Amino acid sequence: CVWILLHKILEQSVWILGNLAGESAPSRDAVIGAGVIRPISTYYYLHIPVTPLDDYLPIYHIMLCGVS
């Protein structure tokens, strides 16, 4: 199904962006500056049940705050 493939691609993209954002403050700023946070968040809010979102919270934390 196309939607399953789209979800898998988006899931991998989130992990990649999280890894990039976690590399350094400039990398994090570049990910945020690219404007990808809102579309990804909107997709997950509308299409993913609440429980799996818990798996993505650490990635969002890294993307928004950097490695702590």
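Colleague: In the chain, where is confidence lowest, and where is it highest?

Modeller: This is a predicted model. Confidence is lowest in helix 4 (residues 50–65), with a mean of 66, and highest in helix 2 (residues 25–33), at 89. The mean pLDDT of the chain is 78, and 71% of its residues reach 70 or more.

Colleague: Why is Ser41 called partly exposed?

Modeller: Ser41 has a relative accessible area of 29%. Buried means under 20% and exposed over 50%, so a value in between is called partly exposed. Ser41 is found in helix 3.

Colleague: How do you know that the buried residues of helix 3 line one face?

Modeller: In helix 3 (residues 37–47), Ile37, Ile40, Tyr43 and Tyr44 are buried. Seen down the helix axis, they fall within an arc of 140 degrees, so they line one face. The face turned away from this buried side carries the exposed residues Arg38, Tyr45 and Leu46.

Colleague: Which residues make up the largest nonpolar core?

Modeller: That core has 8 residues: Leu10, Val14, Leu17, Ala21, Val31, Ile40, Tyr43 and Tyr44. Helix 1 (2–21) and helix 3 are the elements that give two or more residues to this core. The largest share, 4 residues, comes from helix 1.

Definitions and conventions. Residues numbered from 1 in each chain as written. Predicted model: local features only at pLDDT ≥ 70, side-chain atom pairs only at ≥ 80, totals over all residues. Heavy atoms only, no water. Buried < 20%, exposed > 50% of the residue type's maximum accessible area, 1.4 Å probe, protein only. Arc of directions from axis to C-beta. pLDDT = per-residue confidence, 0-100. Core = buried A, V, L, I, M, F, W, Y, C linked by side-chain atoms within 4.5 Å.
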